[in-house]
Amino acid sequence: VTSFLRSAINAIRKARAGSDDPVSVKEFRTELLAAMGKYNEAIAEYKECLRLADKLPGAECYLVYALAKAGQRDEAEKVLKHLETTKDYVSPAELAIAYAGLGQKEQALSSLERAYTAHDLQMQYLGADPHYDSLRSEPRFQELMRKVGLPG
């Protein structure tokens, strides 16, 4: 998997040069860095994405995950508080990633259940996104996998 992630990052670097939406390319690259456990590098990249774009609640969810995994729990909780109180739309499936990063499994699973009920498009990544790995053994997560038609 790690070689796949490295290949994906290299492809993203090449794509970034020709992209007319460098923030989305940068955001995807940053998600890969976090998935590889390169949390400090990912944090810097997420902050750059947030500086370049007005509102990226998805990036903030992944930022919470990376901050928590890097041991910066206070900052992670501060960003999470903002996500929980913003008037902007926050994908419940992405919010679950923030909760998972902080080790809040109950909140993460409840958020994923809300995402399923709301037909959140991010649910399509449930089986592949490594940010959900800490939840995979949970019966509620396995039930959600079944409901969305993914092999568990």
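**Exercise 1. Find which residues L112 is in contact with, leaving aside its neighbours within four places in sequence.**

Step 1. Contact means heavy atoms within 4.5 Å. With those neighbours left aside, L112 is in contact with P92, A93, A96, M123, L126, Y132, L135, F141 and L144.

Step 2. A word on what you are looking at: this is a predicted model, where local features need pLDDT of at least 70 and side-chain atom pairs count only at pLDDT 80 or more, while totals for chains, interfaces and linings use all residues. Residues are numbered from 1 along each chain as its sequence is written, and side-chain values use heavy atoms, with hydrogens and water left out.

**Exercise 2. Work out how α7 and α8 pack.**

Step 1. Helix α7 (residues 105-117) and helix α8 (residues 139-147) pack at about 15 degrees, and their axes are 10 Å apart. Axes are lines fitted to C-alpha atoms over the stretch in contact, and angles run from 0 to 180 degrees between N-to-C directions.

Step 2. Angles under 35 degrees count as roughly parallel, over 145 as roughly antiparallel, 65 to 115 as roughly perpendicular and the rest as oblique. Therefore α7 and α8 are roughly parallel to each other.

Step 3. From α7, the contact uses E106, L109, S110, L112, E113 and Y116; from α8 come R140, F141, L144 and K147.

**Exercise 3. Are α3 and α4 roughly parallel or roughly antiparallel?**

Step 1. α3 and α4 pack at about 150 degrees, with axes 9 Å apart.

Step 2. The two helices α3 and α4 are therefore roughly antiparallel.

**Exercise 4. Decide whether E31 is buried or exposed.**

Step 1. E31 lies in helix α2.

Step 2. E31 counts as buried because its relative accessibility is 16%.

Step 3. Not counting residues up to four places away in sequence, E31 touches Y46, Y62 and H131.

Technical notes:
Helices (H or I, at least four residues) and strands (E, at least two) are DSSP runs, numbered from the N terminus. Buried means under 20% relative accessible area, exposed over 50%, partly exposed in between (1.4 Å probe, protein chains only).
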